[in-house]
Amino acid sequence: DARIGIVGGGQLGRMSAMAAARLGFQTHVLAASRSDPAVQVCNDATIGPFNDTETLKHFADHVDVVTFEFENISADGLDFLASQRPVRPAGAILRISQDRLAEKRFMADAGLPVAPWHAVTTRADLHTAAETLGYPFVLKTTRLGYDGKGQARPSSDAERDAAFDRLRPHPLVAEGLVDFAREISVMVARGVDGHVVTFDPTENRHRDGILDISIAPARIEASLAREARAMAVRIAERLDLVGLLGVEMFVTADGALLINEIAPRPHNSGHWTMNACLVDQFEMHVRAVAGLPLVDPGRHSDAVMRNLIGPADVALCGEIIATPGLALHLYGKTDARDGRKMGHVNLLFPRGAMPGEFGIQAALGPLRRDDAPSFQTEPEDA
Ligand code: ATP
Ligand code: MG
Ligand code: MG
């Protein structure tokens, strides 16, 4: 009858709370608003600003263990929560994932490869970065970026200067543009006892900077998949993780892996596990946070996850729900602004029977994209 406290009211908190309820736990959510997705499904909530001590105290008083789905709580706020209750994953991990420079330094210390990068605070740093990385490169704010926000890809001196002016005064990091063959991610969980499990690497495709579809397992060589899992395990162990963490990686044209970023929480690219595994990422997260044993996820199917973004995708829900084979997940958000994640759909195939692009698009029914990569050129696998 332990009570799990979840900092953050978004869909990741919502799905974590639903998994917790299934295991018989009570959940208490700390959210900014009553109408937030996680508040709708939890047992109890504290509504208030995340960085106010009174609010945090009230929240901590009502829970036995704290986790978070919202990554932008202040370090001080987390330290305060940690003085009241166990916080899993620990604040030290969040501090690394909140700051792209700390993240890159961590990877360097761990001997894990990342794209070439330069810290950029001054215009002189910017010029050095452009000279060493070449055009185009990627300029990112070190903090608070998500869904590709807070980023630019300058291709010339003029664009470089304009990007700098737009993204300042935030501290920035410049990265070499990776000519990746694929993007993949690995969800890794580590228990209180140090036992580690990983989910199959997932292949991710973005659209306008936002995750569009995930394909699991990723269509990569078995040896590369093993290497990706091993990197995720290494990260989890070096961080002394208790909880769940998503690791985003690039597969380069010559088949090498580079770490892009980490997120110490359930991850959008792990939503396919909700229908394709016996223990999905949310339950694995709850198990780790609650000190329960971690087991093999028991993936019984191959899966494709398609995000539902903004009003155009919401308008398809009537058709989606009438289509057999599509598992619909909605987050209970009322305001379907452009670019907002409203829900997702999972589509299953028997293990080992993932079709090619044409087959995937055909099975997506109302969600098919006629402009999907190589869609027009691979009709033979239909
Ligand atoms: P998320 O929503 O995953 O938190 P984010 O806003 O933190 O995203 P990143 O993951 O750093 O941003 O970048 C978003 C996407 O932009 C990546 O998934 C990738 O497609 C592309 N990208 C980012 N950095 C690079 C790079 N150095 N080279 C090539 N592509 C990149
Ligand atoms: Mg990110
Ligand atoms: Mg990312």
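**Briefing: helix packing and a buried glycine**

The buried residues of helix H6 are covered by elements that include strand E5 (117-120), strand E6 (137-141), helix H7 (157-167) and strand E8 (172-176). The model is predicted.

**Helix H6**
- Leu 126, Ala 129 and Ala 130 are the buried residues in question, within a helix that spans residues 123-133.
- Around the axis they cover an arc of only 95 degrees, so they lie on the same side of H6.
- Ala 124 and Glu 131 are exposed, on the face of H6 turned away from its buried side.

**Helices H1 and H10**
- H1 (residues 11-22) packs with H10 (residues 281-290) at an angle of about 70 degrees, and their axes are 8 Å apart.
- The two helices are therefore roughly perpendicular to each other, and the crossing of H1 and H10 is right-handed.
- H1 contributes Met 15, Ser 16, Ala 19 and Ala 20 to the contact, while H10 contributes Phe 282, Glu 283, His 285 and Val 286.
- Of the residues in this contact, five are nonpolar, two polar and one charged.

**Gly 270**
- Gly 270 sits in the loop between strand E14 (257-263) and helix H9 (273-276).
- With 29 other C-beta atoms within 10 Å, Gly 270 is buried.
- Apart from its neighbours within four places in sequence, Gly 270 contacts Met 187, Phe 199, Thr 202, Gly 246 and Gln 281.
- Asp 200 is 70 residues from Gly 270 along the chain, and their C-alpha atoms are separated by 9.5 Å.

Key: Residues numbered from 1 in each chain as written. Chains lettered and ligands numbered in written order. Predicted model: local features only at pLDDT ≥ 70, side-chain atom pairs only at ≥ 80, totals over all residues. Axes fitted to C-alpha atoms, helices over the stretch in contact; angles between N-to-C directions. Helix = DSSP H or I, 4+ residues; strand = E, 2+ residues; numbered from the N terminus. Parallel < 35°, antiparallel > 145°, perpendicular 65-115°, else oblique. Left-handed = near helix turned anticlockwise from the far one by under 90°. Contact = placed C-beta atoms within 7 Å. Nonpolar A, V, L, I, M, F, W, Y, C, P; charged D, E, K, R; others polar. Buried ≥ 20, exposed ≤ 12 C-beta atoms within 10 Å, placed from the backbone. Arc of directions from axis to C-beta.
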